[in-house]
Amino acid sequence: MNPPLSISRRYPEVAAELRQMISNGNFAVGDKMPAERHLAELLDVSRALLREALIMLEIQGLVEVRQGSGVYIIRLPDGGTPKGDDSDIGPFELMQARQVLESSIAEVAALTVTKTDIEALQRILQIQEQEVQEGITDYSSDEQFHLRVAQATQNSVLAESVNRLWLQRRGSPMWEQLHRHITNTTYWRRWLDDHRAVLNALKRKDPVAAKHAMWQHLENVRETLLLLSDVDAPEFDGYLFRSLPITLPKSEEKA
């Protein structure tokens, strides 16, 4: 029997390098760290990966991320075991997995969705709309929407795959830390509109439009998270995917 596949995560290694730089006396408490782009080039990593490492240092209480200003040292490493779980999945790594999986799931769901599924999704969107109006930024209805789309495939394996991704997200300290920066309900309104686009494609039983709508929705979420975690520059790298990987037929673009 082959041993279980072991996959190391890169962001703890990057966080350890940054922690070592701090321990070596390169920075003092109160100092501002070099710009994100410079650090990414110095460590030869993507800016998304660097941000995951900075989130880990923030959880460990070593740095404070001030959006629009920079990353500041607030405490020096004490030599003990760093706080934080190295097995935690990085938020951008998780978003990549969701984007690949859930866009394909929406494509399948458009062919198998039932009237009961559509009615359930409509009820969830009504709850989300009420929450946005009241300024409630709870993720439960968001999770319910994505799980219900997966259930609309009538495939228990696909539905359980999405459920596992959400379980990982809910149990992730890095996700919790990153989402503390989301305080503007404008983002939630945009994501609600994205959900409506997914639902409309499912109603039309249009697999191409459904896949595109779900991909673009998760791309919008990813871009928002990248933007909110970008402390010193308005632009960000594209990480692994382009924003619009699917070209819709002209008839679909007008729909």
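Student: Is L62 buried or exposed?
Tutor: L62 is buried, with 2% relative accessibility. Buried means under 20% relative accessible area, exposed over 50%, and partly exposed in between, using a 1.4 Å probe and protein chains only. This is a predicted model: local features need pLDDT of at least 70, side-chain atom pairs count only at pLDDT 80 or more, and totals for chains, interfaces and linings use all residues. Residues are numbered from 1 along each chain as its sequence is written, and side-chain values use heavy atoms, with hydrogens and water left out.

Student: Where is L62 found?
Tutor: In the loop between α3 and β1. Helices (H or I, at least four residues) and strands (E, at least two) are DSSP runs, numbered from the N terminus.

Student: What is L62 in contact with, leaving aside neighbours within four places in sequence?
Tutor: R19, L57, Y72, I73, I74, R75, L76 and P77. Contact means heavy atoms within 4.5 Å. The C-alpha atoms of L62 and I74 are separated by 5.6 Å, though the two are twelve residues apart along the chain.

Student: And G61, what is its relative accessible area?
Tutor: 23%, so G61 is partly exposed. G61 lies in the loop between α3 (47–59) and β1 (63–66). Beyond its neighbours within four places in sequence, G61 is in contact with I74 and R75.

Student: New topic. How many residues has the largest nonpolar core?
Tutor: 68 residues. A nonpolar core is a set of buried Ala, Val, Leu, Ile, Met, Phe, Trp, Tyr and Cys residues joined through side-chain atoms within 4.5 Å. V63 and V149 are among the residues with the most contacts inside this core. Helix α3 gives the most to the core, with nine residues.

Student: Where does this core lie?
Tutor: Domain 1 (10–73) and domain 2 (91–228) both give residues to the core, so it lies between them. The domain bounds come from an automatic or database domain assignment.

Student: Now α5. What span should its 19 residues have?
Tutor: 27 Å, at 1.5 Å a residue. The expected span is 1.5 Å times one less than the number of residues. The end C-alpha atoms of α5 (residues 115–133) are 27 Å apart, which agrees.

Student: Which residues of α5 are buried?
Tutor: D117, I118, A120, L121, I124, L125, Q128, E131 and V132. Seen down the axis of α5, they fall within an arc of 160°, so they line one face of the helix. The arc is that of the directions from the helix axis to the C-beta atoms.

Student: What is exposed on the other side of α5?
Tutor: K115, Q126 and Q133.
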